[in-house]
Amino acid sequence: MEESTPSRTALRVALRRAAHQLYDLPVVFDDPMAVPILGKAYDEELRRTPRRADRPFSISLRAFLVVRSRYAEDNLKRAVAAGVRQYVLLGAGLDTFAHRNATPQLRVFEVDHPNTQAWKRELLERNGIATPAGLTYVPVDFESQSLAERLQASGFDRNVPAFFAWLGVVPYLTLPAFRATRQFIEGQAAGSGVVFDYARPRATLPPLEQLAYDSLASRVQSAGEPFQLAFTVEEIATELSGFRSVEDIGSVEMNARYFQGRTDQLAVRGTAGRVVCAWL
Ligand SMILES: C[S@@+](CC[C@H](N)C(=O)[O-])C[C@H]1O[C@@H](n2cnc3c(N)ncnc32)[C@H](O)[C@@H]1O
């Protein structure tokens, strides 16, 4: 990320979650705060979001972005049912879970780059959305600051289980930053879990998907947030060998689980993006 600006990719993702609420009915990811958090300032951009099936790459990207949030919150529900009472959003962006949290005992920690977090808080204030009880903001730069120290100073308890969502962040990190955070999660209490998404390496993709990848890579690069990290399925399995169980799903599983029977074109295409849930 550029040092002085909030994450522009966080805005792009939030715009797609909001567009999903307006244009993809029935929704796969129900987020009644997705439109209000953006407010009037982004009305025009939201209206320009492609809706039509003749933009298959764009529709597929939106499907991927909403399904990873749905998958994270489905697994969060499992964690909460098993007694987990801490939810940590790593690179929270404009995620609105804290504002929809129906479990008062569940504490939510939003960890993000200080610039992105300051921008989010400004947006919330401007749009009249109050900070909910049970939400703690934790500004951290994963590349240069200690997540463990910052979380601990914010009241996070390492001795009891926690669930982590790390959505849309891993592709932008360096390998050492990825491993530092993964090791931190690995050191949590038994019963903890994490959901994150990752990209497969460009060279392993079929030619048409390489073109789609190049187009997305050049857009995030010009937003100042270049892709830096990709893994094969085998590499991710090795990275996560310290976890008790790992589920790693691609478009086939996502479509079977979440997009069956739709009459629109909303579905995840291709093999580039995958989502993982790992438990300790
Ligand atoms: C694509 S956005 C995803 C946001 C959110 N998780 C979502 O799904 O809407 C990437 C997020 O990662 C955060 N991020 C990227 N690099 C970071 C870093 N070095 N330290 C902290 N946060 C970082 C950005 O601030 C941004 O919120």
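Predicted model: local features only at pLDDT ≥ 70, side-chain atom pairs only at ≥ 80, totals over all residues.
Which polar atom lies 3.0 Å from the backbone nitrogen of E149? A polar atom of the side chain of S146 does.

Residues are numbered from 1 along each chain as its sequence is written, and side-chain values use heavy atoms, with hydrogens and water left out.

**View 1**
The shell around the ligand holds 20 residues, and R17, G91, D112, T116 and L167 come nearest. R17 places a polar side-chain atom 2.8 Å from a ligand oxygen. For D112, the distance from a polar side-chain atom to a ligand oxygen is 2.6 Å. In T116, an N or O atom of the side chain is 2.8 Å from an oxygen of the ligand. Taken alone, the ligand exposes 590 Å², and the protein buries 97% of that. Accessible areas come from the Shrake-Rupley method with a 1.4 Å probe; for residues, only the protein chains shown count as cover.

Helix 1 (residues 8-23) gives the most to this shell, with four residues. Helices (H or I, at least four residues) and strands (E, at least two) are DSSP runs, numbered from the N terminus. By type, the shell has eight nonpolar, seven polar and five charged residues. Here Ala, Val, Leu, Ile, Met, Phe, Trp, Tyr, Cys and Pro count as nonpolar, Asp, Glu, Lys and Arg as charged, and the others, Gly among them, as polar.

G91 sits in the loop between strand 1 (86-90) and helix 5. G91 counts as buried because its relative accessibility is 18%. Buried means under 20% relative accessible area, exposed over 50%, and partly exposed in between (1.4 Å probe, protein chains only). Not counting residues up to four places away in sequence, G91 touches V111, D112, F142, L167 and V169. Contact means heavy atoms within 4.5 Å. G91 and V140 are 49 residues apart in sequence, yet their C-alpha atoms are 8.9 Å apart in space.

**View 1. The nonpolar cores.**
A nonpolar core is a set of buried Ala, Val, Leu, Ile, Met, Phe, Trp, Tyr and Cys residues joined through side-chain atoms within 4.5 Å. The largest core has 54 residues; L38, Y87, F163, V195 and F259 touch the most other members. Helix 4 (residues 56-81) gives the most to this core, with 11 residues. Leaving aside neighbours within four places in sequence, F259 is in contact with V28, A63, V67, M254, L266, A267 and V268. A second, separate core of 31 residues includes V88, F196, Y198 and I236. In soluble globular proteins, nonpolar side chains tend to be buried together.

**View 2. V275 in strand 7.**
V275 is found in strand 7 (residues 273-279). Is V275 buried or exposed? V275 counts as buried, because its relative accessibility is 1%. S144 and S146 in one loop.
S144 lies in the loop between strand 3 (135-139) and helix 7 (147-153). S146 lies in the loop between strand 3 and helix 7. S144 counts as exposed, at 57% relative accessibility. S146 counts as partly exposed, at 27%. A polar atom of the S146 side chain lies 3.0 Å from the backbone nitrogen of E149. The C-alpha atoms of S146 and F184, 38 residues apart along the chain, are separated by 9.7 Å.

**View 3. The cis bond at P26.**
The peptide bond from L25 to P26 is cis, with omega near 0 degrees. Most peptide bonds are trans. P26 is in the loop between helix 1 and helix 2 (34-38).

Methods. Near = heavy atom within 4 Å. Polar contact = N/O pair within 3.5 Å; in protein donor to acceptor, adjacent residues only side chain to side chain.
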